[in-house]
Amino acid sequence: MSTGRSGVRARVMDCAIAVGVAVTLLVTGLSGQHSATYLGLLGYALLAAGGLALVARRRTPVLVLAVTGLCTVGYQAAGFDVPAVAYLFAVYAAMRAGHRIVTVAASAAMLASLPLAALASGLHDTGEAFAQARGALEIAWLIAAGAAGEALRQAERRADEAERTREETARRRADEERLHIARELHDSLTHQISVIKVQADVAVHVARKRGEQVPEALLAIQEAAREAMRELRATLEALRDDDTTPPHGLDHVAELVQRARTTGLDTTLTIEGQRCDVPAAVERTAYRIVQESLTNVARHAAATTASVRIDYRPSALAVRVDDDGTAAPGAAPTPGIGLLGMHERVTALGGRLRAEPRDGGGFTVQAELPVDRTS
């Protein structure tokens, strides 16, 4: 939006400069009291054309340089002793755009052409012709216009380079930080989870080999360790590859419910509303809320049943997890890492989270995540 406004302001400024220069040249030309002959009318037309050509000086600076130069030589040859103001503006624009060689060559041609144009206008004294050319295009003005354009171009280039360098530095630091986190997670968690998984696999294998019934808790540990390894690998891959695609979403909530059942928790899943696509961040957050809630139920609630409800609403996705655990009504929940993490995820999406004991006993986690259907 701001870029569009800047472009409009630049175009308005170019038009104002072009009209101002054209009016200035015409007024200066009219002050010379030229006759209304064909040559005089041509001179006035060239004065106006040279000024108005500056409208395109940002888009086609080289073409504008050529047009203003030809117009200057033309009205000088027609007998109009008017300074080459439009050409100086064109020199500035061309130098600013980086066309240094073309600008220098064109300016050298102008310095050679203006005395010839003065002679063509009717002057027979060579010295007077050179004096008129010098008055129309002072070399100091030419150098100043070129130097100003070059200086501004260099300043803009340095500013662009500095901005690009800052962005590259920020991206590099973010990449380094992600890799550092990935290494820390790998070193601190992978080994321990691998040990748990191996020990659980061995215990299950030994029990089955002996013909003994494998305890449900041991199977739950085995499955949880396997899932933790998958989650950790997905997280490490996301950190290393900067992949924004969520590894789990609403399609995987049923797996969480089934896994909770293997631990002995009677868990149900209810989906209401018309199923539709939701943003990936909302899917990921809903999955994490269900995952963390069921984990807390298994660890702390001493519950026998739990229910997961997902409601697709017109402008939001509602997630609710209830259990019949031992949470006392009115008791404030302990803000552990899991609840804090859920609050942070929901707040980041602009949603609401309520996690508290129910009046009839048990605990409720209820989240409402806004969904923009117009995007």
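Predicted model: local features only at pLDDT ≥ 70, side-chain atom pairs only at ≥ 80, totals over all residues.
## Pro 215 and its loop

Pro 215 sits in the loop between helix H7 (139–209) and helix H8 (216–241); helices here are DSSP runs of H or I with at least four residues, numbered from the N terminus. With 45% relative accessibility, Pro 215 is partly exposed (buried is under 20% relative accessible area, exposed over 50%, partly exposed in between, with a 1.4 Å probe and protein chains only).

Residues are numbered from 1 along each chain as its sequence is written, and side-chain values use heavy atoms, leaving out hydrogens and water.

## H2 against H3

The axes of H2 (residues 38–52) and H3 (residues 61–77) come within 9 Å and cross at roughly 155°. Axes are lines fitted to C-alpha atoms over the stretch in contact, with angles from 0 to 180 degrees between N-to-C directions. H2 and H3 are therefore roughly antiparallel (over 145 degrees).

On the H2 side, the contact (heavy atoms within 4.5 Å) is made by Gly 43, Leu 46, Leu 47, Ala 49 and Gly 50, and on the H3 side by Thr 68, Cys 71, Gly 74 and Tyr 75.

## Cysteines

There are zero disulfides in the structure, counting pairs of cysteine sulfur atoms within 2.5 Å. Cys 71 is buried at 7% relative accessible area, while Cys 15 is partly exposed at 37%.

Methods. Helix = DSSP H or I, 4+ residues; strand = E, 2+ residues; numbered from the N terminus. Parallel < 35°, antiparallel > 145°, perpendicular 65-115°, else oblique.
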